[in-house]
Amino acid sequence: MAKALKTLRQALHYPPQYADYFAANQLLFNRVVAFYVEVIQAHEGILSLKNKEALTTLARLTHATEKNPRPIVPLSDLAPDVPAMFRRAAINAALGSARAFFSSLNTWRARKERHEAKAGTTGKKKQPFRERPPVPPRTWNKSAPFYAGLWKERTSHSITLKVWTGSRWSWLKIGTLSRELPDGFEMGSPHLVRKGARWWLHIPIEKTFEAPANVREQLTTGEKRICAVDLNLDQHLAVCSVQTVDGTILATSFIGNGTAIAGCRKKLLGRIARNRSQTGILAEGEQDNVALWRKIRHLDEHIAHQVSARIVQFALKQHASILVFEHLGSLRPAKGRYSRRGNLKRAYWMKGRIFRYSKYKAWNAGGIITCRVNPRNTSRECHRCHGLVIRYQEGEPVEGYTPGAPLCLCPQCQMRGHADRNASLNIGQRLLKRMQDPLKEKPHACSRRATREPKGSGVGISQDAKRHQRPSLPVARRGDHANEHGTAQRGRRRMGAPLLDIASQLRMHFE
Ligand SMILES: [Zn+2]
């Protein structure tokens with residue numbers, strides 16, 4: 001079975017004094033974690049136990065019960081009546097951190113031993129081993145999780161949490177600004193997370209589904225469809241085309257108005273440049289033009305989410321089970337003003353972002369796999385006969401190759417069409433071809449270095465969406481697992497973030 005993990009981020013409504021309570025609760029949690037890490041450091045043997053046994057051992061060492069009235073290092077010295085689930089969450093967090101620390105310490109020790117065992121070159125003085133050992137964390141800033149029993153009465157607009165207020169444990173009812181749990185997802189333990197001055201509730205959610213077959217199996221057996229995506233810096237940010245395994249072209253979609261986004265971003269960058277030239281001096285270690293930079297950042301993130309969501313929606317609608325992208329080429333340095341160079345760089349970053357977001361969205365949408373192919377000449381070749389095409393602007397002579405021009409014509413087979421659509425069809429064909437003739441096409445060198453796959457893992461080197469090997473949430477909720485479930489996703493997304501006015505003005509047009 002395969003898993004999809006997400007985090008629901010909920011903005012909270014609470015009276016101002018609650019912020020202090022949440023802070024006190026987090027402080028206590030981190031103190032308890034630090035306490036347990038110390039206990040583990042004093043009893044290193046605990047780490048050789050399985051999590052469940054380690055949990056009971058640590059509880060015996062620190063928690064007084066009728067059978068065990070005098071624990072060796074009582075936790076009650078630190079705080080009174082710590083709820084069992086709070087303690088358990090802290091133990092799991094401490095075990096996770098301690099395991100990470102000791103494993104890096106062990107690799108350091110191994111490296112040191114290897115260095116000492118190695119004989120120095122004759123006649124030369126041996127270099128001493130200079131690498132410093134890892135140090136255990138000195139400060140803790142973990143978000144406090146709420147295991148089952150520490151939260152109750154969760155509705156669509158409120159939740160009740162058991163919180164340490166600094167003087168006692170109390171149940172606090174907190175308003176949440178939320179959306180419902182998506183279909184098929186199961187809920188993990190909520191976390192209280194501080195973002196700036198506000199507190200948010202993060203809930204990891206998980207869905208299990210039938211694991212999809214790998215790319216080779218899908219493309220060699222059965223009627224599968226692939227959705228190939230060509231990402232651009234301007235005009236249409238993404239052009240998707242769906243084709244069957246035998247090469248029949250079914251549908252095309254042009255997504256995103258890149259020109260408007262680039263124009264908007266360039267205007268903002270130009271304003272920053274002007275402000276800077278007027279101020280003359282940039283203070284070191286201080287961000288200038290904070291609001292403008294934030295606007296640019298939010299715009300890019302917002303658009304990348306929009307475009308990637310549309311790509312996945314299109315693939316779903318067309319029943320495609322594989323997404324194909326090309327590897328990102330290198331960014332060619334551009335000439336021109338600051339705003340032009342900065343704008344191009346950001347448009348290029350946006351391509352990477354759209355790819356990353358599409359990848360996880362496609363996987364979460366029900367196991368659509370993402371692949372990448374070699375980008376060489378995808379826009380220069382004709383998708384029908386693979387001769388070189390002429391690329392031109394409308395109203396201009398039909399000759400040569402103008403990068404970025406919208407139209408293309410193949411002089412060999414008279415194929416006429418949109419240049420980006422042609423590129424996306426080529427991208428799809430490249431994956432199909434790779435399956436028929438796996439040795440011929442070598443993937444992009446960067447990817448070969450980055451994701452080296454074990455031999456016989458099926459396809460390829462650039463099969464990107466691997467099954468996420470994460471512990472299951474129900475286990476984590478019961479607290480028998482040491483892994484932390486703070487933020488399941490790598491991509492940052494703020495749900496409650498206000499939509500930018502510019503972003504809403506930009507019309508994304510779709511066909
Ligand atoms: Zn042709």
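Me: How many bridges join strand β9 to β10, and which way do they run?
Reply: There are 7 bridges between β9 (residues 225–231) and β10, and the two run antiparallel. This is a predicted model, where local features need pLDDT of at least 70, side-chain atom pairs count only at pLDDT 80 or more, and totals for chains, interfaces and linings use all residues. Residues are numbered from 1 along each chain as its sequence is written.

Me: What counts as a strand, and as a pair?
Reply: Strands (E, at least two residues) and helices (H or I, at least four) are DSSP runs, numbered from the N terminus. Two strands pair if DSSP finds at least two bridges between them.

Me: Which residue is the bridge partner of Arg-225?
Reply: Thr-244 in β10. The β9–β10 hairpin has 6 residues between the strands, and Gln-235 there takes a positive phi near 50°.

Me: And what joins β10 to β11?
Reply: 6 bridges, again antiparallel, with β11 covering residues 249–255. Ala-238 stands opposite Ile-255. That hairpin has 4 residues between its strands, and Gly-247 in the turn has a positive phi of about 95°.

Me: Why is β10 largely enclosed?
Reply: Because 6 of its 7 residues (238–244) are buried, meaning 20 or more other C-beta atoms, placed from the backbone, lie within 10 Å of a residue's own.

Me: New topic. What order do β14, β15 and β16 take?
Reply: They form an open antiparallel sheet in the order β14-β15-β16. β14 (390–392) and β16 (416–418) each have a single partner strand, so one side of each is left without a neighbour in the sheet.

Me: Which residue does Ile-390 stand opposite?
Reply: Leu-409 in β15. β14 and β15 (residues 407–409) pair over 3 bridges.

Technical notes:
A residue is buried if 20 or more other C-beta atoms lie within 10 Å of its own, exposed if 12 or fewer, and partly exposed in between; C-beta atoms are placed from the backbone.
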